[in-house]
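Q: Before we look at individual side chains, could you show me how to read such features in a model?

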Amino acid sequence: FEVKKEELRSLLAEVGSTPQGTIDFSEFKGVLLLKIGEKEPKEEVQRAMKHFDEGDKGYVSFEDLKQVSEMLNQQLTDDELKEMMMFAAAKPGPRDQFFGAKDIPNITEEDFMRLMKKANVY
């Protein structure tokens with residue numbers, strides 16, 4: 001989490017730090033829960049989409065998702081990645097047509113934003 005000094009002071013005041021600015025573990029946990037519970041601004045979510053969208057095409061392709069999963073050392077099969085694409089796509093079509101088809105649906109920014117909103121990210 002990126003926290004500015006003023007925000008940190010405010011968080012410490014919310015959980016009840018000592019005059020020296022120290023907190024115990026349960027207060028620290030309270031600060032983390034406050035930060036974790038915050039939603040990201042829409043602009044941050046849009047910026048995250050750009051990390052997936054190689055070449056700034058306006059969508060995430062299967063190849064983009066595969067490249068990101070490899071960079072993160074995730075051991076996902078092509079079928080698992082295809083299933084993720086199908087889940088995120090607005091209109092993916094019947095499941096039996098999705099697997100083995102040449103045209104795997106791309107994830108548009110609209111799809112990505114809808115998915116992040118559904119996940120309560122923003």
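A: Let us begin with a definition: a charge sits over a ring if NZ of Lys or CZ of Arg is within 6 Å of the ring centre and within 35 degrees of the ring normal. In this predicted model, Lys 57 lies over the face of Tyr 59, at 5.1 Å from the ring centre.

Q: How many aromatic pairs are there, and how are the ring planes of such a pair to be read?

A: Planes under 30 degrees apart count as stacked, over 60 as edge-to-face and the rest as tilted. The count here comes to one aromatic pair: Phe 52 and Phe 112 have ring centres 5.8 Å apart and planes at 50 degrees, so the pair is tilted. This pair links distant parts of the chain, since Phe 52 belongs to helix 3 and Phe 112 to helix 7, 60 residues apart.

Q: Is Phe 112 buried or exposed?

A: Phe 112 counts as buried because its relative accessibility is 8%, whereas Phe 52, with a relative accessible area of 26%, is partly exposed.

Q: Which residues touch the most other members of the largest nonpolar core?

A: In soluble globular proteins, nonpolar side chains tend to be buried together. Here the largest nonpolar core has 16 residues, of which Val 45, Met 85, Ile 107, Phe 112 and Met 116 touch the most other members. Helix 3, helix 4, helix 5 and helix 7 each give two or more residues to this core, and the largest share, four residues, comes from helix 7.

Definitions and conventions
Residues are numbered from 1 along each chain as its sequence is written. This is a predicted model: local features need pLDDT of at least 70, side-chain atom pairs count only at pLDDT 80 or more; totals for chains, interfaces and linings use all residues. Side-chain values use heavy atoms; hydrogens and water are left out. A nonpolar core is a set of buried Ala, Val, Leu, Ile, Met, Phe, Trp, Tyr and Cys residues joined through side-chain atoms within 4.5 Å. Buried means under 20% relative accessible area, exposed over 50%, partly exposed in between (1.4 Å probe, protein chains only). Rings of Phe, Tyr and Trp (its six-membered ring) pair if their centres lie within 6.5 Å; planes under 30 degrees apart count as stacked, over 60 as edge-to-face and the rest as tilted.
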